[in-house]
Amino acid sequence: MAKYTFEEIKNLLLKCINEYHIEAELRLIFHNKSNEYMIIIYDDHCDFQRCGRIEESTVANYKTLDELYKAQQVDNILLERDWDNIADFECLDFEICGFWK
């Protein structure tokens, strides 16, 4: 089971962009994937991307975090289905804002 629910993460990402004007970068590490992934929040959209070498990276844009959560992603990830496969979350922006220690 993931350490945080999607709703908890969504609220923190929205708080970063709406209250602190920080384009937070949340790194996701899955139990069953060798790559790391990232969700980035912007004023007018959000991204899901595979991290790594430039030739391996991918970016998908969505209007909302809910849309991103329900969409099929790279490497057959569907966050709505696979959320509990997340082993860890890393976000320096959340630490800077005091959300995480």
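**Notes on a predicted model**

1. Start with helix α1. At 1.5 Å a residue, its 14 residues should span 20 Å, and the end C-alpha atoms lie 19 Å apart, which agrees. Keep in mind throughout that this is a predicted model.

2. Which residues of α1 are buried? They are F6, I9, K10, L12, L13, C16 and I17. Seen down the helix axis, the buried residues fall within an arc of 165°, so they line one face of α1. Note that a lysine, K10, is among them. The face turned away from this buried side carries the exposed residues N18 and E19.

3. Next, the core. The largest nonpolar core holds 31 residues. Within this core, L28, L79, F89 and F94 touch the most other members. At least two core residues come from each of α1, β1 (25-30), β2 (36-41), β3 (46-50), α2 and β5. The biggest contributor is α1, with six residues. As a general point, nonpolar side chains in soluble globular proteins tend to be buried together.

4. Leaving aside residues up to four places away in sequence, L28 touches E36, Y37, I39, F48, L79, I86, D88 and F89. Two of these, L79 and F89, are named with L28 among the core members that touch the most others.

5. Then the aromatic rings. A search of the whole structure finds eleven aromatic pairs. One of them joins F6 and W83: the ring centres are 5.6 Å apart and the planes stand at 85°, so the pair is edge-to-face. F6 lies in α1 (residues 6-19) and W83 in the loop between α3 and β5 (86-90), so the pair ties together parts that are 77 residues apart in sequence. Are these two residues buried or exposed? Both F6 and W83 are buried. Ring pairs also link a cluster made up of Y4, F6, Y20, Y69, W83, F89, F94, F99 and W100.

6. R50 sits in strand β3. Why does R50 count as buried? Its relative accessibility is 16%, and buried means under 20%. The side chain of R50 makes a polar contact of 2.7 Å with the side chain of D75. Not counting residues up to four places away in sequence, R50 touches N35, E36, Y37, E56, S57, T58, V74 and D75.

7. D82 belongs to helix α3, which covers residues 79-82. With 10% relative accessibility, D82 counts as buried. Its side chain joins that of R81 through a polar contact of 2.8 Å. Beyond residues up to four places away in sequence, D82 touches F30, N76 and I77.

8. Finally, a loop residue. K63 is found between β4 (58-62) and α2 (65-70). At 70% relative accessibility, K63 counts as exposed. K63 still touches D44 and H45, with residues up to four places away in sequence left out. D44 is 19 residues from K63 along the chain, and the C-alpha atoms of the two are separated by 6.8 Å.

Conventions:
Residues numbered from 1 in each chain as written. Predicted model: local features only at pLDDT ≥ 70, side-chain atom pairs only at ≥ 80, totals over all residues. Heavy atoms only, no water. Helix = DSSP H or I, 4+ residues; strand = E, 2+ residues; numbered from the N terminus. Buried < 20%, exposed > 50% of the residue type's maximum accessible area, 1.4 Å probe, protein only. Polar contact = N/O pair within 3.5 Å; in protein donor to acceptor, adjacent residues only side chain to side chain. Contact = heavy atoms within 4.5 Å. Phe/Tyr/Trp six-rings, centres within 6.5 Å; stacked < 30°, edge-to-face > 60°. Core = buried A, V, L, I, M, F, W, Y, C linked by side-chain atoms within 4.5 Å. Expected span 1.5 Å × (residues − 1). Arc of directions from axis to C-beta.
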